[in-house]
Each structure stands twice: as C-alpha cells, then as structure tokens.
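Open the structure in your viewer and keep the selection tool at hand.

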Amino acid sequence: MKLDPATASHLSWRQVQNLVGDAFRRRGYGVRPGSTDAPVDFILDKDGERTVVNCKQWKVWEVGESPLRELYGYTTGIGAKRAVMVTTGRFNQRACDFADRHNLRLIDGRGLTDLVHGN
C-alpha cells in the first residue's frame with residue numbers, strides 16, 4: 001500500500017492497526033492484541049521489554065495531553081517500559097511536552113508513513 005500523510009488520514013482504524021502491527025513485526029517485535037477495556041491496541045515484546053501501542057486516536061486532527069495521560073497510567077500500571085501513540089493527524093505542544101517528560105513515543109501522519117515504509 002502506498003502511504004503518505006494525506007492518504008493516511010483516510011484509513012480506517014482497522015487499516016491503521018494492521019499497518020502498525022505489521023511494521024513492528026518487520027522490526028522483530030512480538031505483537032499481540034491489547035485488551036478491549038484498555039487504552040492500547042497492541043502489546044509489543046522485544047529483548048525482554050514490553051511496549052504498549054495506542055492507535056485509537058487515528059482520526060483526531062490534533063491529539064492533546066489527556067489521552068497520553070491515560071496511556072501513561074496504563075503503561076506504568078502493567079510495568080511496560082515504553083508507550084507509543086499513533087495518529088494520522090498531529091500532536092499539540094502540550095502532548096509533545098508530556099511525551100518528552102514521560103518517555104512516550106508519538107507517531108503522527110508523517111511518522112506513520114515512515115514507520116510503514118521502514119524508515
């Protein structure tokens with residue numbers, strides 16, 4: 001699938017989820033689904049470290065700090081080392097600042113394109 005930031009915004013949640021899961025598998029991660037009652041879509045395992053991934057904000061044009069707080073709380077609660085949030089839009093400055101303080105990786109539309117294409 002040819003993907004760029006413009007086409008990424010038209011993907012369904014399931015398409016984003018599949019692309020992200022496949023991209024992490026290609027990077028050697030074990031990928032398993034998250035719980036439906038948790039703010040995560042995947043739990044990744046690699047080299048003995050657990051990372052959680054949230055793709056639920058995929059259609060939000062600008063993601064703020066609140067969903068990151070929820071993800072961070074869940075991450076620390078299950079003892080994961082890292083967390084990743086994916087959107088086809090962008091993250092506002094407060095979200096970026098929160099992510100920097102708490103070691104959360106943010107993947108926006110351009111970053112999603114890079115991730116899927118192996119950059």
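**Stop 1: aromatic pairs**

The count comes to two aromatic pairs, where rings of Phe, Tyr and Trp (its six-membered ring) pair if their centres lie within 6.5 Å; planes under 30 degrees apart count as stacked, over 60 as edge-to-face and the rest as tilted. Select phenylalanine 24 and tyrosine 29: this pair is edge-to-face, 5.3 Å centre to centre, with 90 degrees between the planes. Phenylalanine 24 is buried, at 3% relative accessibility. Tyrosine 29 is partly exposed, at 25%. Here buried means under 20% relative accessible area, exposed over 50%, and partly exposed in between (1.4 Å probe, protein chains only).

Two notes before moving on. This is a predicted model, in which local features need pLDDT of at least 70 and side-chain atom pairs count only at pLDDT 80 or more, while totals for chains, interfaces and linings use all residues. Residues are numbered from 1 along each chain as its sequence is written, and side-chain values use heavy atoms, with hydrogens and water left out.

Next, select tyrosine 72 and phenylalanine 98. They form an edge-to-face pair, 6.0 Å centre to centre, with 85 degrees between the planes. The pair links distant parts of the chain, 26 residues apart: tyrosine 72 is in helix H3 (residues 65-78) and phenylalanine 98 in helix H4 (residues 93-102). Helices (H or I, at least four residues) and strands (E, at least two) are DSSP runs, numbered from the N terminus. Tyrosine 72 is partly exposed, at 28% relative accessibility, and phenylalanine 98 is buried, at 3%.

**Stop 2: a charge over a ring**

The charged end of lysine 46 sits over the ring of tyrosine 29, 4.8 Å from its centre (NZ of Lys or CZ of Arg within 6 Å of the ring centre and within 35 degrees of the ring normal).

**Stop 3: helix H4**

Which residues of H4 are buried? Select Ala95, Phe98 and Ala99. They lie on the same side of H4, because they cover an arc of only 100 degrees around the axis, taken from the directions from the helix axis to the C-beta atoms. Now turn to the face away from the buried side: it carries the exposed residues Gln93, Arg94, Asp100 and Arg101.

Go to the residue that follows H4, asparagine 103: its phi is positive, near 55 degrees.

**Stop 4: glycine 73**

Select glycine 73, in helix H3. Glycine 73 is partly exposed, with a relative accessible area of 39%.
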